[in-house]
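Open the file in a viewer and follow the selections below in order. Each stop says what to select and what is found there.

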Amino acid sequence: MTWASPKGSISMNQYPKTVSWIAVSVGGLAMFLLFASWVLVSFPIGSTVRGYFYGVDSLQKLEFSSSLGNQNLVDSPLPNNVVMSDKDAVSESSSDKDLGSDSNSQVPSGSSSSSVDDNVETTPQTLSNDTNSQVSLSTTHNESEDVAKPALGSSNVTEISVGPEPNDTTTSSSDSKSGSNPASSDLSNDASCDLYHGSWFYDSSGPQYTNNTCPVLTQMQNCQGNGRPDNEYENWRWKPLQCDLPRFDARKFLELMRGKTIAFIGDSVARNHMESLLCILWQVEAPKNRGNKKMQRYYFKSTNTFVVRIWSSWLVKQTSEAFDFAPEGVAKLHLDAPDDRLMDVIPQFDVIIFSSGHWFAKQSVYILNNEIVGGQLWWPDKSKQMKINNIEAFGISVETILTALATHPNYTGIAIVRSYSPDHYEGGAWNTGGSCTGKVRPLAPGQRVENGFTNIMHEKQVMGFNRAIKKLTNKSKLKLMDITKAFEYRHDGHPGPYRSPDPNKQTKRGPDGKPPPQDCLHWCMPGPVDTWNEFVLEIIRREYEGSKNLSS
């Protein structure tokens, strides 16, 4: 049977064969896509393929084991009796937020677990099982000499004045709100000026970013986005007594770091610090996210600059298998060995900022010279005295990681130790009524209450820093960024109860007078933590511009 066609029309069998081929091709492509989709769902390869494309320039070799953790922006809690293993160590997604939940939790000595609010930071006022316990080590040091004052020109802050000095009035008005401020960049050229002894003054120009202009801000530190009603805490800036600390200049920072990498290594306060830097830099250039499950990595193309963050809870080697009378599952800290996951890659970093201390309130076993010498929230034999408590362990850990850098044959960069970040749980510990709710301004002179735990943690940290400097054998530079005393006045800078955007969250004391769960350790963003990056920029500027002047 044939189809009849009007006179002069083209018969069906005379159409180009291309139409048939197109139909066949479309059908084949559809079948292929369905098959490919089934394969990808059943056998995901995305993370494997992605790893091959994230390497850029000198950081191509930065391949960490998966034990470095999943660098998620939203962190989840980790209980005190966490089981940690080498093959599958605790990822940061399950540990980073832990510092803001129960890192300083108070548990009776010897307890292996505790009931902790997952979202509440804790205060370390009386954490040590035996703060005054006798420490017996194979090597002895002159502690009074080591702790006298920080080395390399850093000094302890003995008194902080809050409010402007007589000559401070011009500082506030001269600062601009942009990420660049060349006008004030030459006011701090005195490299001998002590940056950490000074005063907080109110700067009406405000912060350099907002919670709405920074896409990497962790929600728990997004105080304005979480409903905090006041914002004066965002506007206070630090003024050293004898010089000026310029407002952070994002373009100048990127230029100084041209072709270089800055790495933040440590706990969730390191994350807080890194995100502050990214938020400021983001106002002049949006970086490319080159991170993956192994670490966070941001790339600024204009200057070939990387900003990296690596999780390391204690900065020293950590194992979980049974050791002597310590059972499997409890974290074992080898206090005389650095975190071996870091040592192969640190030569590729030009600037490293270390953050640690608060995880020494977590359950752990302390091993020194291949011997168990103490523990935190773990000590089975109460009749036997520990040689080392958590405070001493912290000091040893600082000395260990810095000595590893100072003697590393291939490290020539700058290592900055940010001193112990103070918490502000007032009126009790995190679980006994401690609170920072309603604090809207920095403490005034005479209002600061001495925190014995903060003081001794800072002392041990400085001691470890000074001991490491004495062992320096390479061309690296160790710097102490001594923020502790200055930031003891900033009880207004924490999220408090404003840790989530939940409109039904509790923000006031209950009928029983107890305060709501809150975070009084991490810092709001924008907020006081942004000052840390002004310190970092000044340290880097002095080093790089000073070296350039000497070479010329």
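Helices here are DSSP runs of H or I with at least four residues, numbered from the N terminus. The model is a predicted one.

Start with helix α1, residues 18–42, and pick out Phe32 within this helix. Is Phe32 buried or exposed? Exposed means over 50% relative accessible area, and Phe32 counts as exposed because its value is 53%.

Next, go to the open sheet of four strands, ordered β8-β9-β11-β12 with mixed pairing. Its edges are β8 (316–319) and β12 (371–376), each of which pairs on one side only. Ignoring direction, neighbouring strands in this sheet are turned by 35° against each other on average.

Select β9, residues 332–338, together with β11, residues 364–368: the two run parallel and are joined by three bridges. At Lys332, the bridge partner in β11 is Val365. Then show helix α7 (residues 390–406), which packs on the sheet and touches β8, β9, β11 and β12. The direction of α7 makes about 40° with that of β9.

Stay on β9 and bring in β8: these strands run antiparallel, with four bridges between them.

Finally, colour β9 by accessibility. Six of its seven residues are buried, so β9 is largely enclosed by the rest of the structure.

Methods: Residues numbered from 1 in each chain as written. Predicted model: local features only at pLDDT ≥ 70, side-chain atom pairs only at ≥ 80, totals over all residues. Heavy atoms only, no water. Buried < 20%, exposed > 50% of the residue type's maximum accessible area, 1.4 Å probe, protein only. Pairing = 2+ DSSP bridges. Axes fitted to C-alpha atoms, helices over the stretch in contact; angles between N-to-C directions. Contact = heavy atoms within 4.5 Å.
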